[in-house]
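Let's take a walk through this model together, one chain at a time. Please have the sequence and the 3D view open.

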Amino acid sequence: MIGRNGKNPQAEGRIPLPQASREDGLGPDPAIVVAEGICKSYPSIRALSPLSFNILPGEKVALVGPSGSGKTTLLYLLAGILQPDEGVLSIDGRPMTSVRPGRELSQLVGLVHQQYDLVPHLSVLHNVLAGRLGQWGLLRSVISLVWPRDRQMAEEALAQMGIGDKVNERTSHLSGGELQRVAIARLMMQSSRIILADEPVSSLDPARAEGLLGLLTDLVRGSDGNDGKTLIASMHSPYLIRKYFSRVIGLREGVLQFDMPSSEMTDEVSDRLYDLEQPEPALWGVGN
Amino acid sequence: MRVLESRRLLTLILFAAFAWSLSGVDWLGPMVHTGGPQSLLRFIQALFPPELSPAFLKLTLAASFQTLAYSVAAITVAVLVAVPMGLLASGVAARSARTGLPAAVAARFLLGAIRSVHELVWAVLFVYALGLSSATAILALALPYAGILGRIYADLLNDVPEEPLRALRASGASPFQVFLFGRLPMAFPDMLSYSFYRFECAIRSAAILGFVGIPGLGYQIQLSLHDILFDQVWTLLVALVFLVVAVDLWSTRVRRDLVS
């Protein structure tokens, strides 16, 4: 069973969890994500075999694994877009099944998609403000289409992303790099406790990838002494994982391969995880 | 592959049928009636110049204004009806409610019914019911146009990309908020564009209503045709072209302003 100390006995000894003890001696922080034997199958394929893990507040977790390994499925389970077939997934001490979609869910988890998924016809301001929709009532959202509420908050978020001058620009006129920043600004407005990112850098060149991860990790770190947020992102590059994440979870065909500090994510570990020829290592040795 | 082959075979057969049908045409016989060429010539000659007397120009102006007024009123009514009907027909208005699907089916049926009757037929019906009044002209145009616009609005609202909507839902937006901040802004430019195009069509249709006796450019064209005054017909036709081109220019401008 999962104890209050937030450790997963199944992986005990294998997962060097970050030292999360409070200095006040009240014991470690309770985990913000607790997965107990969650699994998910699609009609023709088992996407996730029973999987258990804990994630502590403030952790930056990278999910790695080849295509079809279950990373996206896991992110969607965490985002509440999918429900596990079996097992219990709790966030902030509450089973996901008891979290109401809409406002409640949006304050717990926010998801950045690969393509940012902004509305191209709206202004940048409105796209950023869309992150507030969970907090807004009906009337306020109608009024905001014409006279935007929380404008200052959105402007600050955009300024923090370095694109404060684009507030009134039409979103379709922005470059790829700017779109990312708008998407993250929207996530800032949502101010969820957990930030999920589905392959956030897969379509970016190396410099932009680092820029985006820098922004995301800044956002997670939190400002003025807040204890910050938690980041969970699907990634591929061992270098970026070592540089920007604190922990890495490896998946292959829906099965947990490893769960360790990101500093141990060497290129060799990665190669082994992604190795297509893994089942038949002898094939290449013979002949010639 | 078999589908492709049989499709090609069908194309071949249809071409052969068309070629064979040409052999049935009596090419040397009277395709055009005997007085045809002369009449055509007279009609073309009447353009140089068209009727430009101040009195007739004044009449043309009044008729143009009447046609324009009818089409503006009709397209306004059509849009007002089409927006709620299109919303219902798209099924996005009441996705969560159990009534959503039956409402969508009913709305689609109603829209289909009113647009399957041509405006000229509606006009004849309304002339019987209401006489040759402005209401007849406006209703006869507004009904089929509402049917067309409502159907197009529904399709445009349904066809927006799903990903941004999903992102909005994930950030806690309610179905109505998703509509307001996602579906509507994405569909709006196309909805506006199509409404303008329909406005152009409404001007033409308003003119055509003259053939059942409703005043306007079409009515004047018909009167002049009766008296074989082709120079007058030309003046009226040019006025009609001016109206349509003016609306086209206006809509281009509005669309450009909307995009930038």
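This is a predicted model: local features need pLDDT of at least 70, side-chain atom pairs count only at pLDDT 80 or more; totals for chains, interfaces and linings use all residues.

Residues are numbered from 1 along each chain as its sequence is written, chains are lettered from A and ligands numbered from 1 in the order written, and side-chain values use heavy atoms, with hydrogens and water left out.

Start at helix α5 of chain B, residues 119-130 (helices are DSSP runs of H or I, at least four residues; strands are runs of E, at least two; both are numbered from the N terminus). At 1.5 Å a residue, its twelve residues should span 16 Å, and the end C-alpha atoms are 15 Å apart, which agrees (the expected span is 1.5 Å times one less than the number of residues). Within α5(B), E119(B), W122(B), A123(B) and F126(B) are buried (under 20% relative accessible area; exposed is over 50%, partly exposed in between, with a 1.4 Å probe and protein chains only). Viewed down the axis of α5(B), the buried residues fall within an arc of 100 degrees, so they line one face of the helix (the arc is that of directions from the axis to the C-beta atoms). After α5(B) comes G131(B), with a positive phi near 80 degrees.

Elsewhere in chain B, a cis peptide bond with omega of about -10 degrees joins F48(B) and P49(B). P49(B) sits in the loop between α2 (36-45) and α3 (54-90).

Now turn to chain A. D150(A), a residue other than glycine, has a positive phi near 50 degrees and lies in the loop between α4 (138-146) and α5 (151-160). Its relative accessibility is 24%, so D150(A) counts as partly exposed. E199(A) also has a positive phi, near 45 degrees, and is found between β7 (194-197) and α7 (206-221). E199(A) is buried, with a relative accessible area of 14%.
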